Amino acid sequence: MAEFRGQRITNAGRNLLGRALAKEGKFIFTRAKMGDKKIIGNPDEATDLASPKLDMKIIDVSNDQGTVKVIVSVTNKDLQESFNTEEFGLFAKIDGDLQDVMYSYATAIRPDGIPNNHLGVTLEQVHEIYLTFSSDIEATININDPLLYMTAAIANKRYVPTGLLERGELSKQAQLEKDCQYLASDGKWYHNIGGNRKWNSTGNPDEKLVHISWKTLISLYQKIKEKLSNLKLTWESIENKPENFPPSQHEHEEYEPKIAHKKSGYNLDKTDSYEYDLPNKVASGRALYNLWQAARRLTGAIELTWDSIKGKPRVFPPQSHYHDDRYSRSDHVHDDRYAGRSHTHDDRYYTQTQYNEKFNELYKKTVTDLRLAARTVVETPPYATTERSGTIVTGTINIRHSGDDKVGSIIVRTLQMYRNGSWVNVQFS
């Protein structure tokens, strides 16, 4: 299976969380998708994958003190084209909404290939997603596929075994067996408490077919509790009691007896909670993860100010101290490599005023930029040499013949330099 980065909640997902916190309804995870591309741009604005290739069912969800685990069933049963898993999207809605939204989005760190179903169903596995969630939000799922791939662990968690043999649809039975369960026309399972008896092949249960539900179990518990409360147990009513206590001659061993059910670090019950002092349980990895999440939230909210620091010294440095020979003393002296504290400069040095005057004189003579001025067209007579001081020829135009004489024009531009704050023509011959 591919390894994905952490789930990033979309803007639509944040809106969904806000509605759930406002108690608008139950938060329902509906489905998941995988695709072979990645969203270009801001994924927070996305409403679907860049290139969805596989739709997946959600088979379990649990909210353990703010950490939600969502389990997704991955199968290539209906996949016509193989692809690499580059992106993953989780969809959800509020109970009563007609349409779900993409709640979160993730991209693959190491993509993996999903094969097509040309050779049959060759891939059936589960993928777990962990999300940070408010424990105030009731999260659940919708399961509407009776053929959904499900692990034994999830089945044992979600479905309670009844201990009754399943005998199929009630409407197809001519004989009912004692303590067996049957599926009625209303889609519910019923326990036959009427013993072995004939049946008229109807799908409607009678009074001796008891609906298997939590309400039925609670009602049965109440009846048993009532009967037990009226039960009176006396010493005389106990049968097969020994005549004497202890019942026979015996002796105790000097060594400590073995305790069959003594718990050690290897057989302690595990717990996912970190909030209680439970010496007979060992913390699971989930408990450590939840503790880390809680510590991160608490430390992130700490505001450290100068006033909140306790035990500060009243003055700095806080106590008498000295510096070793790595530091220079306040009364140290320099040798002849340094100028004395009191000294004068001779005529080899410039004063600030002299330096500024010489710099200004130099600046007035310094050329800081060059440019060509506007062009001028100069007509050249035949067999003549024409020169213009301070100009540069940049082109020729309108060459024409007049008998054996050639008359033309040249384009010249004056070369200018920027000096002492103004443009001036360059003079040369």
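Helices are DSSP runs of H or I with at least four residues, strands are E runs of at least two, and both are numbered from the N terminus. The exercises below concern a predicted model.

**Exercise 1. Carry out the corresponding analysis for Ser-201: which loop holds it, and how does it count by accessibility?**

Step 1. Ser-201 is placed in the loop between strand 16 (197–198) and strand 17 (209–211).
Step 2. Ser-201 is not a glycine, yet its phi is positive, about 60°.
Step 3. The partly exposed class lies between under 20% (buried) and over 50% (exposed). Ser-201 has a relative accessibility of 38% and therefore counts as partly exposed.

**Exercise 2. Determine the span of helix 4 and why its buried residues line one face.**

Step 1. Helix 4 covers residues 285–300, which is 16 residues. From first to last C-alpha it reaches 22 Å, close to the 22 Å expected at 1.5 Å a residue.
Step 2. The buried residues in helix 4 are Arg-286, Ala-287, Asn-290, Gln-293 and Ala-294.
Step 3. Viewed down the axis of helix 4, these buried residues fall within an arc of 125°, so they line one face of the helix.
Step 4. On the face turned away from the buried side, helix 4 carries the exposed residues Gly-285, Leu-288, Thr-299 and Gly-300.

**Exercise 3. Describe the protein chain in terms of its elements, burial, contacts and surface.**

Step 1. The protein chain contains 5 helices and 23 strands.
Step 2. Of its 429 residues, 25% count as buried.
Step 3. Among contacts with a separation of 6 or more, 61% are between residues 24 or more positions apart.
Step 4. The accessible surface amounts to about 32600 Å², and 50% of this belongs to carbon and sulfur atoms.

**Exercise 4. Identify where confidence in the protein chain is lowest and where it is highest.**

Step 1. The average pLDDT of the protein chain is 78, and 79% of the residues score at least 70.
Step 2. Confidence is lowest in helix 2 (residues 152–158), with a mean of 50, and highest in strand 16, at 94.
Step 3. The pLDDT is below 50 over residues 141–150, a stretch with 29 contacts in the model beyond near neighbours in sequence.
Step 4. Over residues 155–159 the pLDDT is also below 50, and this stretch has 10 contacts beyond near neighbours in sequence.

Notes. Residues numbered from 1 in each chain as written. Predicted model: local features only at pLDDT ≥ 70, side-chain atom pairs only at ≥ 80, totals over all residues. Heavy atoms only, no water. Expected span 1.5 Å × (residues − 1). Buried < 20%, exposed > 50% of the residue type's maximum accessible area, 1.4 Å probe, protein only. Arc of directions from axis to C-beta. Contact = heavy atoms within 4.5 Å. Areas by Shrake-Rupley, 256 points an atom, 1.4 Å probe, with all protein chains shown as cover. pLDDT = per-residue confidence, 0-100.
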